[in-house]
Amino acid sequence: MKNCAALGTKEQLTKLKNVIESSKDTPGCLMHILQEAQAIYGYLPLEVQKVIAEGLGISLSEVYGVVTFYSQFSLKPKGKYRISVCLGTACYVKGSDKILEEVEKQLGIKCGECTEDGLFSIDSCRCVGACGLAPVMMVNEEVYGKLEPSKIKGILDSYREAK
């Protein structure tokens, strides 16, 4: 297999191959290997999926099918700061769609994308369990509630300064 930027560093590829080798004889190991691969790379590009398929002696389509079925897996890189805007009922009724629009505007990307510098990525979710704070967004594990679009720039700036 040729060297490819999506396969990351030699250390990452070595870790991935070690995970495959140590797990491949365990029945049902694909989920575990995919979780470990995503922890190593931050997402599961096609090149990584090919390494997994080859290492397990299964088809790429089988690996891809699992990756695309489960929402925990990502085909796109995530930012250092992963923003998740809740679009669940309580949040949506209180204007989370406007929060998402403002985040997209401030970062110049759409939901599901990552900024060019790798600092931020945006996703939406259905509920974070903080309905009393609606509308809510999370940045990594930090919850921001009772949001208004005017607060978004300040929140994002605090992460830009911390970088």
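1. Arg 82 has Ser 121 as its bridge partner in S2. The model is predicted: local features need pLDDT of at least 70, side-chain atom pairs count only at pLDDT 80 or more, and totals for chains, interfaces and linings use all residues. Residues are numbered from 1 along each chain as its sequence is written, and side-chain values use heavy atoms, with hydrogens and water left out. Helices (H or I, at least four residues) and strands (E, at least two) are DSSP runs numbered from the N terminus.

2. Confidence. The mean pLDDT (the predictor's confidence in each residue, from 0 to 100) of the protein is 93, and 96% of the residues score at least 70. Where pLDDT is low, the predicted coordinates should not be read in detail.

3. Overall layout. The protein holds 7 helices and 4 strands, and along the sequence they follow the pattern α-α-α-α-β-α-α-β-β-β-α. The C-alpha trace spans about 50 × 30 × 20 Å along its principal axes. Of the 163 residues, 40% are buried. Buried means under 20% relative accessible area, exposed means over 50%, and partly exposed lies in between, with a 1.4 Å probe and protein chains only.

4. The sheet. In what order do the 4 strands of the open sheet stand? The order is S2-S1-S3-S4, with mixed pairing. S2 and strand S4 (142-144) are the edge strands, each pairing on one side only. On average, neighbouring strands of this sheet are turned by 20° against each other, direction ignored; the axes are lines fitted to C-alpha atoms, for helices over the stretch in contact, and angles run from 0 to 180 degrees between N-to-C directions. Two strands pair if DSSP finds at least two bridges between them.

5. Pairing strand by strand. S1 and strand S2 (residues 120-125) run parallel and are joined by 6 bridges. S1 and strand S3 (residues 137-139) run antiparallel, with 3 bridges between them; here Ile 83 has Val 139 as its partner in S3. S3 and S4 also run antiparallel, again joined by 3 bridges. Val 139 stands opposite Glu 142 in S4. Strands of a sheet pair through backbone hydrogen bonds, either parallel or antiparallel.

6. Strand S1. Is S1 largely enclosed or open? Because 5 of its 6 residues are buried, S1 is largely enclosed by the rest of the structure. S1 (residues 81-86) also gives the most to the lining of the largest pocket, namely 3 residues.

7. The largest pocket. The volume of the largest pocket is about 400 Å³. A pocket is an open set of points on a 1 Å grid over the protein atoms alone, where a 1.4 Å probe fits, with protein on both sides within 12 Å along at least five of seven lines; lining residues have an atom within 4 Å of a point. Grid points are joined across faces, edges and corners, and the volume is the space filled by probe spheres set on the points. The lining has 14 residues, and those nearest the centre of the pocket are Gln 72, Lys 78, Arg 82, Ser 84 and Asp 123. By class, the lining divides into 3 nonpolar, 7 polar and 4 charged residues. Ala, Val, Leu, Ile, Met, Phe, Trp, Tyr, Cys and Pro count as nonpolar, Asp, Glu, Lys and Arg as charged, and the others, Gly among them, as polar.

8. Backbone points to check. Most residues other than glycine have a negative phi, and most peptide bonds are trans. The peptide bond from Ala 134 to Pro 135 is cis, with omega near -5°, and Pro 135 is in the loop between S2 and S3. Asn 140, not a glycine, has a positive phi of about 55°; Asn 140 sits in the loop between S3 and S4 and is partly exposed at 24% relative accessibility. Lys 146, also not a glycine, has a positive phi of about 50° and is placed in the loop between S4 and helix H7 (149-162).

9. Helix H3. Val 51 lies in H3 (residues 46-56) and is buried, at 7% relative accessible area. Val 51 and Leu 7, 44 residues apart in sequence, are 9.0 Å apart C-alpha to C-alpha. Lys 50 is also found in H3 and counts as partly exposed at 35% relative accessibility. The C-alpha atoms of Lys 50 and Val 63 are separated by 8.2 Å, with the two residues 13 apart along the chain.
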